Amino acid sequence: MVHQLEEDEDHHPLDPTSLAALSSPLKIRPYAAADWPGVWALLEPVFRAGETFPHDPGITEEEAQVAWVGQSKAVMVAVDVAGAVLGTYYLRPNSLRLGAHVANAGYVVSVHCRRQGIGSRLCQHSLQLARRLGFRAMQFNLVVSTNSAGIRCWRRNGFQLVGTLPGAFRHKQLGYVDALVMFQGLVEGPKP
C-alpha cells in the first residue's frame, strides 16, 4: 500500500501547534474499536486528498474501516498521554498464500504532528511486529513518487527501491505519476 508522511521529518522546523506532542510520551499500542473516530479523523483527509493512497477519494467511513481495520492482520495506533490518536498503521500479508510471508503496511500521521519522527517510529514498530508475526520481508507496492518525505523515511528505515511503476498512480492534483516498489528483508541468513 502507499503511505502518507507529508513534509520532511528532518529538514523542516516544527509546527508550534504540535509541540505538545513532543513533550508527551508517545505510546504505540493495538487498535481498539473505541479508537475508530480518532483513526477516521486521520484517514479521511488523507483519502480525500487523493495524493498518497489509492482509495476512492469519496470513500465512505464504513468502507474505510473495512479497508484499514477489517482487512488487516494487525492495526496499531500511536497515542499521546491523553489518549489522542496521533498516528496509525496496518499490517497485513502483501499477497495470498504463497506470497503471504511478505508483509505490507500503510501509515498515517496527524497533520499537526508531522516532522517529529512519529512516522519513523511507526515504521520501526511495524517492522518489529512483522518479524514477531513471522513475516520474512516487507514490501510497499505503491509508494507515490511525489511523497518525498515518505520515501526518505522508508529509506532511513532500511527499505530499498526495487522498482518504478511508470504512471501507476493517478494523483488527484498532478495526474498520472510514478509509483515506487520498496522492499526490506526481515530475516538474517541466506536467501532461498
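Residues are numbered from 1 along each chain as its sequence is written. In this predicted model, local features need pLDDT of at least 70 and side-chain atom pairs count only at pLDDT 80 or more, while totals for chains, interfaces and linings use all residues, and side-chain values use heavy atoms, with hydrogens and water left out.

**Exercise 1.** Determine how many residues of strand S2 (residues 74–79) are buried.

*Solution.* Strands are DSSP runs of E with at least two residues, and helices are runs of H or I with at least four, numbered from the N terminus. A residue is buried under 20% relative accessible area, exposed over 50% and partly exposed in between (1.4 Å probe, protein chains only). Ala74, Met76 and Ala78 point one way from S2, Val75, Val77 and Val79 point the other way, and all are buried. In a regular strand, side chains alternate between the two faces of the sheet. Six of the six residues of S2 are buried, so S2 is largely enclosed by the rest of the structure.

**Exercise 2.** Identify how S2 pairs with strand S1 (residues 27–30) and with strand S3 (residues 85–93).

*Solution.* Two strands pair if DSSP finds at least two bridges between them. S1 and S2 are antiparallel, with four bridges; the partner of Ile28 in S2 is Ala78. S2 and S3 are also antiparallel, with six bridges, and Ala74 stands opposite Leu91 in S3. The hairpin of S2 and S3 has five residues between the strands, and Gly83 there takes a positive phi near 90 degrees.

**Exercise 3.** Find the salt bridges and state whether Asp35 is buried or exposed.

*Solution.* A salt bridge requires a side-chain nitrogen of Lys or Arg within 4 Å of a carboxyl oxygen of Asp or Glu. Two are counted. Asp35 bridges to Arg29, with the closest N and O atoms 2.7 Å apart; at 7% relative accessibility, Asp35 is buried. Glu44 bridges to Arg48, with the closest N and O atoms 3.2 Å apart. Both Glu44 and Arg48 lie in helix H2 (residues 36–49), four residues apart, about one turn of the helix. Glu44 is partly exposed at 29%, and Arg48 is partly exposed at 27%.

**Exercise 4.** Name the residues that form the negative surface patch.

*Solution.* Patch residues have over 30% relative accessible area and no salt bridge, and like charges are joined within 9 Å. Asp and Glu count as negative. The patch is formed by Asp56, Glu61, Glu62 and Glu63. Glu63 lies in helix H3 (residues 61–70) and is partly exposed, at 44% relative accessible area.

Technical notes. Patch = residues over 30% accessible without salt bridge, like charges linked within 9 Å, V, L, I, M, F, W, Y side chains within 5 Å. Areas by Shrake-Rupley, 256 points an atom, 1.4 Å probe, with all protein chains shown as cover. Charge placed at Lys NZ, Arg CZ, Asp CG, Glu CD.
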